[in-house]
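Let's take a walk through this structure together, one stop at a time. Keep the sequence and the 3D view open as you read.

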Amino acid sequence: MLNLIASHRKGYYTYKFSFHTYKKWSVLLTALLVSGCGSSPTSANTPEEMFAAVLQKPIPASITQLQGVGDTWQGYQLFLRFQAAEANIQSLLQSGYKSVDCDAIASNFRLPDPSYDRFDPPWQPQVSSKNECWTANPVSNSWTGFGTHYLLIDRQNNQIYFTGTGA
């Protein structure tokens, strides 16, 4: 186990580890670097907050089974899955989406790391000829001035998959 001893003299902190002594700023810098090296999602936002920020606010009552995960620091990369009434699907599509070949955007629906799969049941957008795929670019919303969004509509399983990035 590592022992940490902190001392304070006139606003100056020294942290001592059993193997070396570090000044306050170097400890802070090291902590920030280590915390930024993980590959798990960083967003503390709920799926509802993500949906409202980038897709539609207020969230229509017909949106159900909403789940999501992503990163929302200095832009965003989000993954959402939900069910919706046909009228809400059409409303989303009419907000600037264009039909695209599902094979052309399949890679956008891959989660960046297994730690992102916090979905129940697991995230499995099946790219098939039965699905509809859509893209909107550029998009502008409360989180970004420029972004790209993708929808995969799996009508057979009544699932809508969304992935989007914004800078």
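Predicted model: local features only at pLDDT ≥ 70, side-chain atom pairs only at ≥ 80, totals over all residues.

Residues are numbered from 1 along each chain as its sequence is written, and side-chain values use heavy atoms, with hydrogens and water left out.

Now for the parts list. The chain has four helices and nine strands; these are DSSP runs numbered from the N terminus, with helices being H or I of at least four residues and strands E of at least two. Starting at the N terminus, the order reads β-β-β-α-α-β-β-α-β-α-β-β-β.

How much is tucked away? Of the chain's 167 residues, 37% are buried, where buried means under 20% relative accessible area, exposed over 50%, and partly exposed in between (1.4 Å probe, protein chains only).

Which strands does β5 pair with? Two strands pair if DSSP finds at least two bridges between them. Strand β4 (residues 64-71) runs antiparallel to β5 and is joined to it by six bridges, with Val-69 standing opposite Phe-79. Four residues sit between these two strands in their hairpin, and Gln-74 there takes a positive phi near 55°. Strand β9 (residues 159-166) is also antiparallel to β5, this time through seven bridges; there, Gln-77 has Thr-165 as its bridge partner.

Stay with Phe-79 for a moment, as it leads us to the aromatic rings. The whole structure holds six aromatic pairs; rings of Phe, Tyr and Trp (its six-membered ring) pair if their centres lie within 6.5 Å, and planes under 30 degrees apart count as stacked, over 60 as edge-to-face and the rest as tilted. Phe-79 and Tyr-116 have ring centres 6.3 Å apart and planes at 80°, so they meet edge-to-face. This pair links distant parts of the chain, since Phe-79 belongs to β5 and Tyr-116 to the loop between α4 and β7, 37 residues apart. Both Phe-79 and Tyr-116 are buried. Phe-119 and Trp-123 make a tilted pair, because their centres are 4.7 Å apart and their planes lie at 45°. Phe-119 is buried at 7% relative accessible area, and Trp-123 is buried too, at 8%. Together with Tyr-161, the residues Phe-79, Tyr-116, Phe-119 and Trp-123 form one aromatic cluster.

Our last stop is a bond between cysteines. The search turns up one disulfide in the whole structure, meaning a pair of cysteine sulfur atoms within 2.5 Å. Cys-102 and Cys-133 form it, with their sulfur atoms 2.0 Å apart. Cys-102 is in helix α4 (residues 102-105) and Cys-133 in strand β7 (residues 132-141), so the bond ties together parts 31 residues apart in sequence. The torsion about the S-S bond of Cys-102 and Cys-133 is about 105°, so this disulfide is right-handed. Both Cys-102 and Cys-133 are buried.
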